[in-house]
Amino acid sequence: MLEINGIDCYYGKLHVLRNLSFKIGDEAVGLFGPNGAGKTTLINAIISLIKPAAGDIIFDGENITTSETHTIAKKGIALVPQERELFPEMTVYENLELGAAFIPHVKNRTAERLEFVYNFFPVLKEREKQHAGTMSGGQQRMLAIGRALMADPKLLILDEPSLGLQPSIVSELFEKLAEMKKHISVLVTEQNVRESLKSVDRGYVLENGEIALEDTAENLKSNPHVIKAYLGI
Amino acid sequence: MIKYWKYILIAIILLLGVLFPFYAGAYQQSIARTVLIYLVLAISWDMLLRSGQLSFGMAGLFGIGSYASVLLLLRLGASPMLSILGAGLVAFVVAALLGILVLRLRAMYFAITTLAIGEIFRIIIRNWSSFTGGPEGAILPNIIFDGDPVLSYWLVLGLALLAIVLSVIFQKTRIYFALTAIRNNEVVAKSSGINIFKYLVIVFAITSALQGMAGGVFAQTYGFVTPESSFSADYILLPIAMALLGGIYGTLGPIIGTVLLGVLAEYLKLYIPYGHLIVYGIIIICIIMFMPQGIVGVVRSKIIRREVG
């Protein structure tokens with residue numbers, strides 16, 4: 001589905017991603033690593049917010065390395081960014097409607113997509129008319145994910161969905177993610193490795209802009225390096 | 001039920017607006033024409049502001065429209081009505097070209113560039129005497145509709161209604177989503193599939209066409225243009241003050257603000273000549289300090305509070 005072949009990314013002279021390659025199929029993939037490892041940079045490169053200096057990004061057999069962000073969104077990659085992910089001045093319903101309004105293949109299926117999203121996050125239906133900015137952090141995160149799902153994407157990218165949420169909501173969120181991967185491919189970056197390993201199939205560990213480790217979720221749980229550096233046992 | 005009353009109210013106001021020349025005197029009609037011209041500028045300024053882009057180009061585009069309309073008539077022999085449409089088209093093209101050049105930068109860079117459009121065209125017009133009439137300006141041989149005040153009033157009213165209808169369309173269709181999304185968060189807007197650049201250029205060009213047509217209508221109803229009066233800074237400051245007073249990011253706010261401030265200004269002019277400008281300044285400061293939401297925003301939050309509590 002998504003294939004990244006040897007990309008290099010820079011911020012000015014700072015070399016952030018070094019000859020990085022990875023693949024996502026019909027599965028949920030986790031991307032782990034400490035702050036500054038390049039997780040968000042990698043996501044930004046995928047959706048073309050920054051352009052890689054070298055390498056290719058292939059989505060569904062099509063080279064999207066130099067495509068513009070909005071056309072990539074139309075091709076089926078939806079993003080839930082790290083923070084400020086909503087339109088606070090719009091209502092919950094408007095936020096969701098917007099998620100589908102500019103994506104050609106769902107533009108006329110808003111009702112059907114709404115039902116799908118409300119099924120996933122019933123709380124959003126209850127708060128349909130509320131302004132997005134007035135909801136709690138957890139609800140806002142759900143709305144951001146709901147808005148991304150409105151586009152009926154092939155690949156959903158979540159950048160640190162657990163950030164700033166209380167632990168009970170984090171586990172609820174990852175339960176939803178585990179359910180979501182039955183429908184679509186998911187790429188999730190996380191610092192909360194313990195929780196996210198429960199819902200992904202495979203994981204990459206990113207350190208200093210390079211893939212340090214790649215394995216199935218089961219194997220990562222028992223990998224000594226992961227246990228020492230990320231699970232803190 | 002509330003919706004039902006809303007439509008009746010709109011119909012009554014519309015009727016009062018259309019029949020205005022039959023129950024108001026010549027002086028009131030001339031004030032109404034000025035207020036409606038400012039209404040077009042205030043609404044079109046707000047329409048672009050909804051995308052987070054601050055424009056100071058109203059005076060420039062108004063002046064470009066004024067001159068385009070007068071020169072189309074004088075040099076090419078276009079009819080007055082056609083010259084007003086031509087003024088809109090010229091402003092549209094100028095704004096589209098400028099937008100393509102600078103709207104990738106946005107925000108501050110865009111605001112400053114729009115301020116420059118007026119200056120550039122004003123200087124060209126001042127110095128190209130053989131074509132534009134130079135510093136003295138140009139006078140039309142005849143005023144539109146042979147100076148018939150009722151028809152002139154309806155022409156201005158028609159343009160104001162066009163601006164209102166466009167503004168409502170901008171609020172009711174997915175353009176609303178695009179503009180609000182761009183204002184709130186560009187990254188999420190892009191990753192929701194919104195072509196930010198395309199929307200900004202189109203909206204800038206459309207609102208500029210309205211401002212250009214306002215200039216065209218003004219020039220045709222007053223019969224003259226000069227570099228100083230057609231590019232006056234009044235056309236930047238007053239619409240902004242009016243929209244801020246009424247409340248930005250909506251159609252109703254600029255309408256209320258323009259009517260209140262426009263009528264107030266005329267009244268003040270009689271008692272303290274030029275003092276109305278001081279009043280404008282004080283109003284802008286007070287609004288920014290005490291009610292940045294404007295009148296519409298304050299009333300709306302009162303209503304919401306009453307419904308909740």
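**Two chains and how they meet: a short walk-through**

Let me begin with one residue, A:Arg109, which counts as partly exposed, since its relative accessibility is 26%, where buried means under 20% relative accessible area, exposed means over 50%, and partly exposed lies in between, with a 1.4 Å probe and protein chains only. What I am showing is a predicted model, in which local features need pLDDT of at least 70 and side-chain atom pairs count only at pLDDT 80 or more, while totals for chains, interfaces and linings use all residues. Residues are numbered from 1 along each chain as its sequence is written, chains are lettered from A and ligands numbered from 1 in the order in which they are written, and side-chain values use heavy atoms, with hydrogens and water left out.

Back to A:Arg109, whose side chain meets that of A:Glu112 in a salt bridge at 2.7 Å, N to O; a salt bridge here is a side-chain nitrogen of Lys or Arg within 4 Å of a carboxyl oxygen of Asp or Glu. Over all chains, a search of the whole structure finds 17 salt bridges.

B:Arg122 pairs with B:Glu119, the closest N and O atoms being 3.0 Å apart, and both residues lie in helix α6 (residues 107-127) of chain B, 3 residues apart, which is about one turn of the helix. Helices (H or I, at least four residues) and strands (E, at least two) are DSSP runs, numbered from the N terminus. Within this pair, B:Arg122 counts as buried at 18% relative accessibility, whereas B:Glu119 is partly exposed at 39%.

B:Glu228 forms a salt bridge with B:Arg126, again with the closest N and O atoms 3.0 Å apart. This pair links distant parts of the chain, with B:Glu228 in helix α12 (residues 227-230) of chain B and B:Arg126 in helix α6 of chain B, 102 residues apart. B:Glu228 is partly exposed, with a relative accessible area of 40%, and B:Arg126 is partly exposed as well, with 31%. Returning to chain A, salt bridges that share partners join A:Arg109, A:Glu112, A:Arg113 and A:Asp152 into one network.

A:Asp152 has another feature, a positive phi of about 45° although it is not a glycine. The residue lies in the loop between α6 (137-150) and β7 (155-159) of chain A, and is partly exposed, with a relative accessible area of 24%. A:Asn19 likewise has a positive phi, near 40°, but its place is in strand β2 (residues 14-24) of chain A, and A:Asn19 is exposed, with a relative accessible area of 56%. For context, most residues other than glycine have a negative phi.

Now to the place where the chains meet. How many residues of chain B are in contact with chain A? There are 20, in contact with 23 residues of chain A, contact meaning heavy atoms within 4.5 Å. Together the two chains bury about 2000 Å², 62% of it on carbon and sulfur atoms; buried area is the accessible area (1.4 Å probe) that two parts lose on being put together, summed over both.

Across this interface the rule finds 1 salt bridge, formed by A:Glu89 and B:Arg183, with the closest N and O atoms 2.4 Å apart. On the chain B side, the elements giving two or more residues are α9 (174-184) and α10 (186-191), and α9(B) gives the most, with 8 residues.
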